[in-house]
Amino acid sequence: MNLVEQILAGDVRATARLLRDIDDQLPSAREALKQLYPHTGKAYIIGFTGSPGVGKSTLVDQLALEYRKQGLTVGILAIDPTSPFTGGAILGDRIRMQRHFTDSGVFIRSLATRGHFGGLTKSTNDMITVLDAMGKDVILVETVGVGQDEVDVANCAHTTVLVTIPGMGDEIQAIKAGIMEIGNIFVVNKADREGSRKTIRELKNLIELGLRRRDDEGWEPPIIETEALKGRGIPELMDAIEKHRRFLTENDRGQWDAVVAKRAKMQLLDTLREEALRELLRRMEARGENLDELVRKVTAKETDPYTVVQDLLQCELR
Amino acid sequence: MGKGMFSESQLERMEREYQDWLGEYQKALQRLPERLERFSTVSDMEVKSLYTPLDIKEKDYFEDLGFPGQYPFTRGVQPTMYRARLWTMRMFAGLGTAEDTNKRFHYLIEHGETGLSTAFDFPTLMGYDTDAPVARGECGKCGVAIDTIDDMRRLFAGINLEEVTTSMTINPPASVIWAMYIANAENEGYDRKKLGGTIQNDCLKEFIAQKTLMLPPEPSLRLVVDTVEFGTYEVPRWNTISISGYHIREAGATAVQELAFTIYDGITYVEECIKRGLKVDDFAGRLSFFWNSHIDFFEEIAKMRAARRMWARIMKERFKAQKPRSMLCRFHTQTAGCSLTAQEPYNNIIRTTTEALAAVLGGTQSLHTNSLDEVYMIPSEEAVRIALRTQQILADETGVANVIDPLAGSYFVEALTDKMEEEAMAYIRKLDELGGMVAAIEKDYPQMEIADAAYQFQQQVERGEKIIIGVNKFPSERPELEFVLRIDDELENFQIERTRQFKEKRDKVKLQKAMDELRRRCEGPPCWENNVMPALIDAVRAGATEQECCDLYREVFGTYTDPGTF
Amino acid sequence: MSEERKLRILIAKPGLDGHDRGARVIARAFRDAGFEVIYTGCHQTPEQIVNTAIQEDVDLIGLSILSGAHRYSFPRVMELLKENNAEDIAVIGGGIFPLEDIPKLKAIGIKEIFEPGAKLEDIVNWVRTHIKPRKAMVA
């Protein structure tokens, strides 16, 4: 069996290795992705975003358990930040998913941002392609959870769950300023804590004020209270996700098609950006032009970035 | 003359002459500069070249030091200290089967040990019997394997349990192991009211440092309070919690962090017991502490003195304790395992001696001295005898136990004691702000503080800023030792088989009834009527194994994994 | 525009021993050396460790242990790697080991053992010298 056949047959080792090549941006991985792409479109993709410490990993762990009980297979992509100083990373989300380590129906992969912003990695979408093709029924994506710009997940997932906890002070302000408009479902985790009612009330107000997603008209974003560590609220969250899935797939306004198209568009544009850049740089090098030298010229004001790019495009794309 | 031990004119003169001296010192340094760019303790607390009355001018003898046995107990918890009774020489011991450890206990008593201390193996510490799949390869390796009350009987065979006090290092399953101890003692004809000893039972420091994790924090605390409550009414001579800094320090904390996090754990236990309805003066006297004695001599002495003063003040001011006994920070000390080196292991005798001396001068109530081979494994008889002899030499030959708190009044020691208290109190305020220790643990706050300190220390060692002889100065290879203890891998099968046979002989009906009652109590709201201890004693007497009780806990209360953030 | 391949390393503590100071320190040192570290912490079974190593496609597994249970867990990890055709994943150990166990551990394929007092710098350099990310897969 070749690599693609192995992955389609659900081979864990082959899948894991291709994911690595994708993460490392190896050109050879494109070939496998091409062959895998036709086999995608079956998995349901759920994204989780929210600040560090709100319990995203624990929620993902609990949901994975519930999906397994339903007989569904689960893929998990958990993203942690790369250190901007050393380029290294410690990826520790798995630690809260230990009970799945020996379950062959769950595949967990930890990813480092490697300098990418937006909450996901450059490779996330392609990795989803692979997990989808290998036959995972549900794919759970956990974002880094550090910034207010974590909006990529909304384009990547079918359902986006925004997680917060009571008593985080300015948390609601931060959500309001940034990521409020990406949540299809809101979760107030650690709901046994003081301030839970207040947080829920504030979220409700924001939703009523219209601070909500524009692309799922007709969907009333629910607010689910959970205590993920104890498993409380998990069935309600499952139920909300399922309702949202049905809302997307079973209405006749074409919203599911729109979501699928949005994913495809993002993947297309991302790939175009990456490949075009890669190709242009390759050709530049081939002509003996050196990036460092161009940088020197720009720095010395001998030229400017706009002229360089214009010349490059005229030269290469004429 | 205001507060303080020196008159204003004395201090004025001191200030002038100190400045003069400092000038001389600087001049002398031009000829021969200081050896180091910066002088600091092993915990990286900077120290000056000289301490004078100026460094303790704000201190008041009566408010800040007092007499031994008097508030705030800086100088010692008893009026007589070692003049009347030496510290208890209590060597932490546990290996292989209950019989192996019993043999070691007798060996230590024969050689002059005055109290027992039990080390359990990892399965026992984590609430598993030897036959659990996760326990593979662990039986008897780091301590003794105790599955059943029968093992407990073998462990203490031939030892008078009303005469010797027994410490047991056990945390999440502490209630179960204590129930086995009490049930066994009663089976042997002893009176529970006369039993003396300690269970470590400090679940908070497990979340913070040692990671012997079983249940989430909340039910862990509930079980701790159950044991305190039971001890208060039923086993009055027992220390029901040994609030432990030792493991926090071994995980890499600084002396201040050890002090602060441990004292705050103590605060948390007191609060929880009060919430249960216990009166502070009814139980606080049975709380004890456990400190690490690390390699930096004065820092450790200052830490122990500061601990006594802080705990006394907290108990009096924060908890309004009335009885002096409630305010005592009585403590056990162990020399620092993490200070030992695998290279040139005989040097470990010197390290342990210095650390033991610091503990004695710090006023410890009992002491474990590490063996020179403890960096490799559980100590051999030969090595453990040297370690015990170290204490005996300090006690009987050196004269250091003849005078109470002999370092009091040292400008340096007093100033360092103050600094310890001051910096630890800053942590305590921070923990208050975070909403208490459980909230802080959930935020990974103490864990991160310790991990940062551990990493920083390691980097200082690698840069040569902190010296370890045989490691980064005069580096040396690890030698073969002539005496080495081996734990037979085959013990595991022996113990599994023994427990299996024990289980077969149990009265199933009686056992089920006892377990049902234990479950009922666990599921009920925490209160005296639902205290787990009486039910546990019945259950283990009916043959419940440690794991069976702990599995029930896990079922009712859930489990916990370390958040593991960085 | 291919980035340089990053080393991926799993740091885990097999068995019931919870003393994670060494594991945490080495995880940080590896991060600071620019590696990607998957940290699963304490109380891991050999089965969990090997499955994680495979799913995460690591180049190296670092096992930290102080309890003496390495005589069971280390051979078991090697056995499971073999069963899963993943023998190319290198394994190193750190912690406390009886001297006579060290050659035995190396004989079953543990690449290196780091004992108390080992310098972080030396461990990082050892990894840089001995562990190379594997070659690209071919579709």
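**Exercise 1.** Work out whether helix α11 (residues 291–299) of chain A is buried or lies in the open.

*Solution.* Keep in mind that this is a predicted model. Step one: take the cut-off, which calls a residue buried if 20 or more other C-beta atoms lie within 10 Å of its own. Step two: run through the 9 residues of the helix and count those that pass; the number buried is 0, so α11(A) lies largely in the open.

**Exercise 2.** Find out how helices α8 (residues 217–234) and α10 (residues 255–276) of chain B are oriented to each other, and which residues meet.

*Solution.* Start with the axes: they come within 10 Å and cross at roughly 70°. Angles of 65 to 115 degrees count as roughly perpendicular, and that makes α8(B) roughly perpendicular to α10(B). Next, list the contacts. From α8(B) you get B:L221, B:V224, B:V225, B:V228 and B:E229, and they meet B:Y269, B:E272, B:C273 and B:R276 in α10(B). Finally, sort by class: 6 nonpolar, no polar and 3 charged residues.

As background for the spacing, an α-helix has 3.6 residues a turn, so residues three or four places apart point the same way.

**Exercise 3.** Which residues touch the most other members of the largest nonpolar core, and which element gives the most to it?

*Solution.* The core holds 267 residues, and the ones that touch the most other members are A:L140, B:L536 and C:V37. Now tally by element: α10(B) comes out on top, with 11 residues. Then zoom in on B:L536.

**Exercise 4.** Describe the side of chain C that touches chain B: how many residues, from which elements, of what classes?

*Solution.* Count first: 30 residues of chain C are in contact with 36 residues of chain B. On the chain C side, the elements giving two or more residues are α1 (21–32), β2 (36–44), α3 (70–83) and α5 (120–130). The largest share, 5 residues, comes from α1(C). By class, this side divides into 12 nonpolar, 9 polar and 9 charged residues.

**Exercise 5.** Take the "B12-binding" domain that UniProt lists in an unreviewed entry for chain C, and give its secondary structure content.

*Solution.* The record places this domain at residues 6–134 of chain C. Over that range the chain is 42% helix and 24% strand, and the end C-alpha atoms are 10 Å apart.

Terms used: Residues numbered from 1 in each chain as written. Chains lettered and ligands numbered in written order. Predicted model: local features only at pLDDT ≥ 70, side-chain atom pairs only at ≥ 80, totals over all residues. Contact = placed C-beta atoms within 7 Å. Helix = DSSP H or I, 4+ residues; strand = E, 2+ residues; numbered from the N terminus. Nonpolar A, V, L, I, M, F, W, Y, C, P; charged D, E, K, R; others polar. UniProt positions renumbered as here; feature names shortened; annotations may be inferred. Axes fitted to C-alpha atoms, helices over the stretch in contact; angles between N-to-C directions. Parallel < 35°, antiparallel > 145°, perpendicular 65-115°, else oblique. Core = buried A, V, L, I, M, F, W, Y, C linked by C-beta atoms within 7 Å. Buried ≥ 20, exposed ≤ 12 C-beta atoms within 10 Å, placed from the backbone.
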